[in-house]
Amino acid sequence: LTVNAIGSNAFKGMTKLTKVTIGKNITKIGAGAFSGDKKLAKITVKGTAIKTIGKNAIKGISSKAVIVVPKSRLSAYKKLLTSTTGFGSSMKVQDPSGTRIWTVTFKNGSKTAKTQYVTNGKAATAPKLTKKGYVLSWSTTFRKVTKNLTVKAVWTPEVPRKGYTATVDGLKYKVTKSDKKNGTVQVTGVSSKSLAKYTVPESVKIGKTTFRVTSIGASAFKNCSKAKSFVLPKTITSIGKNAFSGTLKNTVVTVPKAQYSKLSRLLKTAGLNAKATIRKK
């Protein structure tokens, strides 16, 4: 006699069950098959023939359950184990060697553009999306996937308008002049105030447009109390109030030799610690 299916509610409510081995001939797991088995922490699947897993089949099992499946079916079984089956975000699907599979969801606005199942440490492949007049980037990297990810599409105008804001390499910018060839931006802040060094570039690319960095806004680097070094470019012509207040007394600000006098005056009125050093480069 060959058993090829686990019926609906077959093991439902078996609250003392801790582990299960599913034989190689099983092709279907019915709805609610292991529902409510709250101590069920390990399910080992021996076969490669499972085609369907019913609604709530594993709902209510241990929230940190590990499901071990054949390596050749790692992606396929991960695809079957949707939230409809009761599969939770803290559960694991892995092969016998411990290799895990992760879900990468690419979102375009409120819509899911692609769902991909990726082996631990491997790269996901982004969907091909286009939007006239905009440049596409993604909210987070997916080159080496080590957890479940939701990756959001970020659309940047090819030529961002005045007032448009963006973050590039840890610095926050605002467009002060929108122009394809002669556009300018202001540094308005930082992503993290805990860095030891901040370097302001002469120019930055936002969308398909390269902007000159011409100013540092009010409070841009305020309370960056771990920073020991700032490097400013020759393109800076203005620095806002309190842009450097709260910085360390041993901070060193490096500025171009030709702009040393002007930038020194601007820095001293922008809250830079009186004992900080302004150095020529």
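K208 is exposed in this predicted model, its relative accessible area being 56%; the cut-off for that class is over 50%. The residue takes part in a salt bridge with E158, and the closest N and O atoms of the pair are 3.8 Å apart. E158 has a relative accessible area of 28% and is partly exposed.

L40 is buried, with a relative accessible area of 0%. This leucine is placed in the loop between β3 (28-29) and β4 (42-45). Its C-alpha atom is separated by 9.4 Å from that of K64, a residue 24 positions apart from L40 along the chain.

| Residue | Relative accessible area | Class |
|---|---|---|
| L40 | 0% | buried |
| E158 | 28% | partly exposed |
| K208 | 56% | exposed |

Next, the strands. An open sheet is formed by four strands in the order β9-β8-β11-β10, with mixed pairing. β9 (111-119) and β10 (134-138) each have a single partner strand and stand at the edges, so one side of each lacks a neighbour in the sheet. On average, neighbouring strands of this sheet are turned by 25° against each other, direction ignored. Five bridges join β10 to β11 (residues 149-157), and the two strands pair in the antiparallel sense. W138 stands opposite A153, which lies in β11.

What is the count of cavities of 30 Å³ or more? The count is one. The largest cavity holds about 120 Å³ of space. Its lining consists of I22, I29, F34, I43, V45, I50, I53, I58, I67, V69, Y77 and L81. By class, this lining has 12 nonpolar residues, with no polar and no charged ones.

Definitions and conventions
Residues are numbered from 1 along each chain as its sequence is written. This is a predicted model: local features need pLDDT of at least 70, side-chain atom pairs count only at pLDDT 80 or more; totals for chains, interfaces and linings use all residues. Side-chain values use heavy atoms; hydrogens and water are left out. Two strands pair if DSSP finds at least two bridges between them. Axes are lines fitted to C-alpha atoms, for helices over the stretch in contact, and angles run from 0 to 180 degrees between N-to-C directions. On a 1 Å grid over the protein atoms alone, a cavity is a set of points where a 1.4 Å probe fits but cannot get out, and a pocket is an open set with protein on both sides within 12 Å along at least five of seven lines; lining residues have an atom within 4 Å of a point. Grid points are joined across faces, edges and corners, and a volume is the space filled by probe spheres set on the points. Ala, Val, Leu, Ile, Met, Phe, Trp, Tyr, Cys and Pro count as nonpolar, Asp, Glu, Lys and Arg as charged, and the others, Gly among them, as polar. A salt bridge is a side-chain nitrogen of Lys or Arg within 4 Å of a carboxyl oxygen of Asp or Glu. Buried means under 20% relative accessible area, exposed over 50%, partly exposed in between (1.4 Å probe, protein chains only).
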